[in-house]
Amino acid sequence: MSETIGQDQLRVGDILLYKGDSLIAWLIQQLDGHNCNHAALYYADDTIAEALGQGLTTQGVSKSFGNDDVWVFRHKHHPQPMSKVLNVAQGYLAKKERYAYEQLLLLAILSITRKPDFNPWFYRVVRTILDRAAWVLAQLTELGKEPMICSEFVFRCYEEALPAPYDQFYIEIAGMVAQVASRIRRDEEMVAERFMPGRIHNNSLLQLTLNQARGEWERPLGAFNNADELLSQPTDDDVNAAIERYRQSLQEEDELQVAYESAGAPTLSELRSSVEGFALRLYEAQQKEADQEFMIRSLGGTAPVLQNLKQVCADFVTPNDLWNSDSLYQVGQANTST
């Protein structure tokens, strides 16, 4: 049983991992392999810095915790002072209007990189999530914002604290080479090293899409707009309904299998269109400038839009990655009662 940690025991720089009870939180936990779905940084007395729907923000402990279960983690090397980490956080917070976060984006990436559940309702929920996430990304682009995953924000605060790789602030993530490597040398060897195969399952929807897209790098960026023609336009309610139906199917497989077959399943072509639509919107939301020559030379030959998605998925950090990092240890469970 975890030790209970009071608010007065929290230290600046503590990493906080949350277990929420929403449907999206449940599916993130299922796909990420642990019971946490959100990450944040203890930034100052009674102040937590985190990526939320409105962007990067700070708020009080009680408001941030809400009714969630929260666990407290610290770096095993006890790096001091924590001012380097806080300076990075402050830099991101100073540009908070530039970033935005939706749990749906984390869920979309997990759904296409993890080993798929062959339950047919899983594919229905994945397509719904991807098409909704593509719409969310399009809105961020219109607002001039870039996506920022909650756990990515926490990881970057430590990763960028010092310029040297594998310094005292480094957080080891299984299957990933230090992201700082990309800042040392942009050549074929280093880029290839960053694409760790363990980050993307061989049977995942993303890998299937990449395999089918080999040799199609010559497709111009604008050609991916055609994917929109096959995208559905789900709402947040549609996403929640699809997740709930999938969750029910895990308990009532036979009955829901019949209902699914009568409703029709998304085809592989439709699923691929959803992946490509999401990839395009992510590419645009990151305000990427097409550099096809570099992509072709060093990333293996498929379209830059899909290669960008592959790079994002290979490098991104999930709450479960932080939970399982050998660089961190669990202090205990936060006392969230008020």
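Let's start with the second largest pocket: 24 residues line it, and G53, Y101, E102, Q103 and L104 lie nearest its centre. A pocket here is an open set of points on a 1 Å grid over the protein atoms alone, where a 1.4 Å probe fits, with protein on both sides within 12 Å along at least five of seven lines; lining residues have an atom within 4 Å of a point.

Which elements give two or more residues to this lining? They are α1 (23-32), β4 (47-52), α4 (103-113), α5 (120-142) and α10 (236-249). Helices (H or I, at least four residues) and strands (E, at least two) are DSSP runs, numbered from the N terminus. The largest share, five residues, comes from α5.

A word on the source. This is a predicted model, where local features need pLDDT of at least 70, side-chain atom pairs count only at pLDDT 80 or more, and totals for chains, interfaces and linings use all residues. Residues are numbered from 1 along each chain as its sequence is written, and side-chain values use heavy atoms, leaving out hydrogens and water.

Now the whole chain. It has 15 helices and nine strands. Of its 338 residues, 54% count as buried, meaning under 20% relative accessible area with a 1.4 Å probe, protein chains only.

Last, helix α14, residues 304-315. Is it mostly covered or mostly open? Mostly covered: 10 of its 12 residues are buried. Among them are P304, V305 and L306. The expected span is 1.5 Å times one less than the number of residues, so α14 should span 16 Å, and its end C-alpha atoms are 16 Å apart.

Terms used
Buried means under 20% relative accessible area, exposed over 50%, partly exposed in between (1.4 Å probe, protein chains only).
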